[in-house]
Amino acid sequence: MRNELFSFPRFVQLIRYEVATRRKSLGYFALGSYAGLLAAYLGVNAASNNFDIFNRGAYMATVIAFLIYLCIYGAGILSPTRQKGDVTNLLMLPATNSEKFVVRFLAVTVGLVVIACVNIVIADLSRVVIIRLFSNTEEFRHIVFDQFFTSLLSTHSVTVYNNAMEINLTPFTLLWFQSLYIMGGCLWQTKKAQRTTVTWVVVLWAGIFLLTIMGAETSIDLLLHEIQDSNDIVQMVVGAEILLSLFTLCNWFIAYRLFCTMQIKERSFIQLPKFFRR
């Protein structure tokens with residue numbers, strides 16, 4: 001049975017083990033994300049002159065918080081409790097690499113999204129209760145979480161050189177960003193989020209520098225000027241969504257391969273700077 005690539009009964013047992021051993025860390029995350037969202041909503045509420053401004057500000061705060069949660073917990077895909085023996089305990093579980101990786105992958109994607117969505121609803125309801133108790137402003141005594149979810153999944157009108165187009169790359173961008181941190185979580189053994197952030201910032205600036213030297217900025221500007229037809233713009237948006245999806249799938253696959261090649265005790269013959277050592 002151990003030689004099977006994937007066993008559903010064993011997979012279910014792994015899920016039960018995951019829930020049983022991670023209850024404390026899941027509770028801390030749920031409480032922390034709720035407190036953070038509630039503080040952000042109340043802060044935006046206090047700084048807003050009208051409900052429309054609050055709605056836009058709270059939506060941006062939600063997206064930013066969502067991105068932070070996805071990246072931090074994506075980087076902790078193999079060591080969610082940040083204890084030294086997390087990775088070793090995971091590798092020693094009596095299951096295949098596919099089963100162990102899928103369980104942890106679902107925990108930091110589907111599980112994280114479910115907890116975050118529930119906390120968005122609870123935090124917004126808590127905000128409404130607090131406003132009704134301590135404020136006389138009638139305008140802010142309404143829930144907005146339904147509009148958050150609608151805005152996250154629906155398209156938005158964007159104008160490029162006088163051409164309006166309906167676009168929403170937010171879900172694709174969030175998943176792509178998290179896939180980078182999931183890959184970093186399988187590459188580094190300690191300080192995963194910090195090292196992943198530093199690595200991708202360096203790569204980003206190096207890429208911008210190379211594109212600037214090659215004159216890519218002028219080429220992109222000319223391309224946008226040439227795209228005047230709305231159909232061309234729609235095709236460009238669809239192409240961007242497909243590319244982000246492919247990059248995300250590629251990063252997930254690389255993370256899986258990195259996980260499969262991990263060992264309980266590793267030695268490196270290449271001396272990297274201390275910050276980047278695994």
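Reader: How many disulfides does the rule give?
Author: The count comes to zero disulfides. A disulfide is a pair of cysteine sulfur atoms within 2.5 Å. Take Cys186: the nearest cysteine sulfur, that of Cys260, is 9.2 Å away, and Cys186 is in no disulfide. This is a predicted model, where local features need pLDDT of at least 70, side-chain atom pairs count only at pLDDT 80 or more, and totals for chains, interfaces and linings use all residues. Residues are numbered from 1 along each chain as its sequence is written, and side-chain values use heavy atoms, with hydrogens and water left out.

Reader: Is Cys186 buried or exposed, and why?
Author: Buried means under 20% relative accessible area, exposed over 50%, partly exposed in between (1.4 Å probe, protein chains only). Cys186 has 0% relative accessibility, so Cys186 counts as buried.

Reader: What is Cys250 called, and why?
Author: Cys250 is at 40% relative accessibility, so Cys250 counts as partly exposed.

Reader: What makes Arg10 and Glu99 a salt bridge?
Author: A salt bridge needs a side-chain nitrogen of Lys or Arg within 4 Å of a carboxyl oxygen of Asp or Glu. The closest N and O atoms of Arg10 and Glu99 are 2.7 Å apart, and the two form a salt bridge. The pair links distant parts of the chain, 89 residues apart: Arg10 is in helix H1 (residues 8–21) and Glu99 in helix H5 (residues 97–134). Helices are DSSP runs (H or I, at least four residues), numbered from the N terminus. Both Arg10 and Glu99 are buried.

Reader: How many salt bridges does a search of the whole structure find?
Author: The search finds four. Side chains of opposite charge can pair when their charged atoms come close.

Reader: What makes Glu18 and Arg22 count as a salt bridge?
Author: Their side chains meet at 3.7 Å, N to O, and the limit is 4 Å. Glu18 has a relative accessible area of 10%, so Glu18 is buried. Arg22 is at 10% relative accessibility, so Arg22 counts as buried. Glu18, Arg22 and Arg104 are linked in a network of salt bridges.

Reader: Why are Arg127 and Asp124 separated by about one helical turn?
Author: Because Arg127 and Asp124 are three residues apart in helix H5. Their side chains meet in a salt bridge at 3.0 Å, N to O. Both Arg127 and Asp124 are buried.

Conventions. Helix = DSSP H or I, 4+ residues; strand = E, 2+ residues; numbered from the N terminus.
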